[in-house]
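User: Please take a close look at one part of this model, the interface between the two chains, and describe what holds there and how the copies are related.

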Protein chains: 2
Amino acid sequence: MPYELHYWPMIQGRGEFVRLALEEAGAPYIDVARQDDDAGGIGPMLDRLSDPDNPRPPLAPPFLRDGDVVIGQTAAILLYLGPRLGLVGESEADRIWTHQLQLTIADAVNEAHDTHHPVGVGLYYADQKAEALRRAAEFRAERIPKFLGYFERVLAANGGEHLVGTALSYADLSLFQLVAGLLYAFPKATAAALTDVPQVARLHAAVSRRPRIAAYLATPRRTPFSEDGIFRRYPELDP
Amino acid sequence: MPYELHYWPMIQGRGEFVRLALEEAGAPYIDVARQDDDAGGIGPMLDRLSDPDNPRPPLAPPFLRDGDVVIGQTAAILLYLGPRLGLVGESEADRIWTHQLQLTIADAVNEAHDTHHPVGVGLYYADQKAEALRRAAEFRAERIPKFLGYFERVLAANGGEHLVGTALSYADLSLFQLVAGLLYAFPKATAAALTDVPQVARLHAAVSRRPRIAAYLATPRRTPFSEDGIFRRYPELDP
């Protein structure tokens with residue numbers, strides 16, 4: 001039975017971290033809210049989110065259904081999928097460390113989001129643009145270098161090719177996606193930061209060339225980045 | 001060998017979620033940065049954070065050392081400690097679900113923090129007070145009810161006493177801490193919200209009465225909430 005991914009259909013968003021893992025593994029999955037038959041679309045996704053018969057409901061998309069199991073929270077979904085997709089090591093130490101890296105990537109993703117929504121998710125960008133200018137300045141100057149510098153240190157201590165061990169893990173895929181998003185949203189600041197973290201830049205390039213990832217990125221399933229997603233290109237935020 | 005918790009010594013902060021688990025379990029631990037001998041204090045904590053011999057460094061406190069293992073990220077620490085302290089179920093499904101709840105609590109904690117630091121962590125509150133007023137208004141009106149309502153739904157579906165199964169888990173302890181922090185930072189808004197989520201209010205009270213938690217809360221180890229922590233009481237943010 002294929003996995004069922006539930007996420008907002010028009011954006012990459014947090015669902016993309018799950019999608020990349022499924023695509024790299026060649027795992028069968030249905031992107032429920034992107035189906036246009038009776039079983040798909042946003043309506044069935046929201047129905048499942050508020051399903052009164054599910055005693056373990058997620059708070060929000062993305063969530064994954066695997067048979068009777070429904071799991072929300074991007075990092076928890078990857079914690080579940082990692083062993084099943086062969087995208088994490090066997091030992092508990094490797095699994096916890098891979099997860100720790102994923103949580104740190106999630107922190108960076110949250111901060112990237114908050115650059116354009118510093119005051120609140122319920123307001124439009126136009127209504128918090130002044131605050132966004134201030135927050136983005138700190139994000140560009142302090143936070144992008146801090147996060148990327150951390151992953152550079154981790155890569156350097158592990159030989160440079162992978163974040164964990166000697167094989168690809170979901171953390172490598174997620175770091176690729178973080179860098180891709182930052183390059184979209186803050187092209188100048190990120191390009192500058194990447195010159196100081198050559199192993200991060202190399203991992204980003206290497207992941208994009210993996211056969212299944214390269215094939216995926218060329219399909220319409222890879223929704224383009226846009227100003228509706230987490231990573232948004234507002235030129236005034238990356239002057 | 002006792003666990004070694006590393007966290008900023010003067011605040012509860014994110015370290016408190018780990019402390020509550022260790023205290024409830026009666027586990028031996030050293031709060032490294034709170035020791036005043038040669039092996040303790042902030043210096044040794046920061047030395048370990050930047051230890052060049054650790055190929056798997058955390059990005060920031062809190063982090064836990066257990067023999068040769070060093071783990072950062074609050075939720076990852078609890079993922080590691082849960083089975084060891086008897087604070088999570090045996091099945092994979094229970095463990096993933098407990099972790100999913102922890103990650104949702106972490107989201108709420110992050111948002112509570114950002115009410116007083118919407119523009120950036122590198123600035124003082126006084127320099128982003130106008131933005132904080134706007135962000136806190138949305139947090140009070142929309143986000144506190146949304147998060148607490150979600151946990152009420154989860155508790156109701158599970159009989160009301162615990163979030164997961166029939167025994168205390170680290171998610172219960174963390175929900176206690178979230179409610180305690182919200183009651184400190186937003187006493188009016190949180191008291192009002194709690195009237196709609198009686199099972200969350202009851203869990204908060206029940207955890208505070210557990211013998212080891214009650215004993216811990218009465219010690220100086222339970223640092224008071226303050227305006228240096230995640231949860232801050234600025235009256236203008238809860239008018």
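Analyst: Across the interface of chain B and chain A of this predicted model, the rule finds six salt bridges, a salt bridge being a side-chain nitrogen of Lys or Arg within 4 Å of a carboxyl oxygen of Asp or Glu. B:Arg56 forms a salt bridge with A:Asp94, and their closest N and O atoms are 2.7 Å apart.

The contact draws 51 residues from chain B and 51 residues from chain A, where contact means heavy atoms within 4.5 Å.

As for the relation of the copies, chain B is superposed on chain A by a rotation of 180° with 0.0 Å of shift along its axis, at an RMSD of 0.0 Å. That is the relation of a two-fold axis. In chain B, the C-alpha of B:Pro118 is the nearest to the axis, 2.7 Å from it. Both copies use the same surface, since 100% of the contact residues of chain B recur in chain A.

Strands (E, at least two residues) and helices (H or I, at least four) are DSSP runs numbered from the N terminus, and two strands pair if DSSP finds at least two bridges between them. Strand β3 (residues 63-66) of chain B runs antiparallel to β4(B) and is joined to β4(B) by four bridges; B:Leu64 stands opposite B:Ile71 in β4(B).

Residues are numbered from 1 along each chain as its sequence is written, and chains are lettered from A and ligands numbered from 1 in the order in which they are written. Local features need pLDDT of at least 70 and side-chain atom pairs count only at pLDDT 80 or more, while totals for chains, interfaces and linings use all residues; side-chain values use heavy atoms, with hydrogens and water left out.

Key:
Copies are superposed by least squares on the C-alpha atoms of residues with pLDDT of at least 70 in both.
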